[in-house]
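Visitor: I'm new to this. Please show me how to read a structure, one feature at a time.

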Amino acid sequence: MNKAAIVVRYILGTIFFVFGLNGFFQFLPAPPMPEAAGTFIGGIISSGYLFPLLKGTEVLAGAALLANFYARLALVILAPITINIFLFHAFLAPEGLPIAVIVLAGNIFLAYFHRDAFASVLVARPRPKN
């Protein structure tokens, strides 16, 4: 299982690093998108800050996964991005759904592999009495 986690970490790190950089340098051609997907992406880009923030986060977290430097923190940071990628493709651009499922499954697998690190976050504690 340890080797599988390393392979999945490298795959996810590469995906996020490369596609994050592509957001800045456009070295991979963008496939045609359905109108609703284009409108959604256009809104993110027109905000002026969200697209660079998103792609910068993907680059940094992808590099962290590749270097195994704060990889668990990178997984936490990438979790909402991964869910949004999956939902974007599930509802707006279904032709990209297979890769979105792979990314989601990889993130879930690594979160499960590192479940001991996240256990304390998931423990319900009683509220202090005033």
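Guide: Let's begin with residue classes: Ala, Val, Leu, Ile, Met, Phe, Trp, Tyr, Cys and Pro count as nonpolar, Asp, Glu, Lys and Arg as charged, and the others, Gly among them, as polar. What you see is a predicted model, where local features need pLDDT of at least 70 and side-chain atom pairs count only at pLDDT 80 or more, while totals for chains, interfaces and linings use all residues. Residues are numbered from 1 along each chain as its sequence is written, and side-chain values use heavy atoms, leaving out hydrogens and water.

Visitor: How many helices and strands are there in the chain?

Guide: Those are DSSP runs numbered from the N terminus: helices are H or I, at least four residues, and strands are E, at least two. Here you get six helices and zero strands. The C-alpha atoms fill a box of roughly 50 × 45 × 25 Å, taken along the principal axes.

Visitor: How do I read a pair of helices, and at what angle do the axes of α3 and α4 cross?

Guide: Axes are lines fitted to C-alpha atoms, for helices over the stretch in contact, and angles run from 0 to 180 degrees between N-to-C directions. For α3 (residues 50-67) and α4 (residues 71-91), the axes cross at roughly 145° and come within 9 Å. In contact, meaning heavy atoms within 4.5 Å, are Leu 54, Thr 57, Glu 58, Ala 61, Ala 64 and Leu 65 of α3 with Ala 71, Ala 74, Leu 75, Ile 77, Leu 78 and Ile 81 of α4. By class, this α3 and α4 contact has 10 nonpolar residues, one polar and one charged.

Visitor: What about pockets, and how much space lies in the largest pocket?

Guide: On a 1 Å grid over the protein atoms alone, with a 1.4 Å probe, a pocket is an open set of points with protein on both sides within 12 Å along at least five of seven lines; lining residues have an atom within 4 Å of a point. Grid points are joined across faces, edges and corners, and a volume is the space filled by probe spheres set on the points. The largest pocket holds about 910 Å³. Of its 29 lining residues, Phe 19, Ile 41, Lys 55, Phe 88 and His 89 lie nearest the centre. That lining is 20 nonpolar, six polar and three charged.

Visitor: Which helix gives the most to the lining of the second largest pocket?

Guide: That's α4, with five residues. This second pocket has a volume of about 160 Å³, and its lining includes Leu 75, Thr 82, Asn 107 and Phe 118. Back to our classes: eight of the lining residues are nonpolar, two are polar and none is charged.
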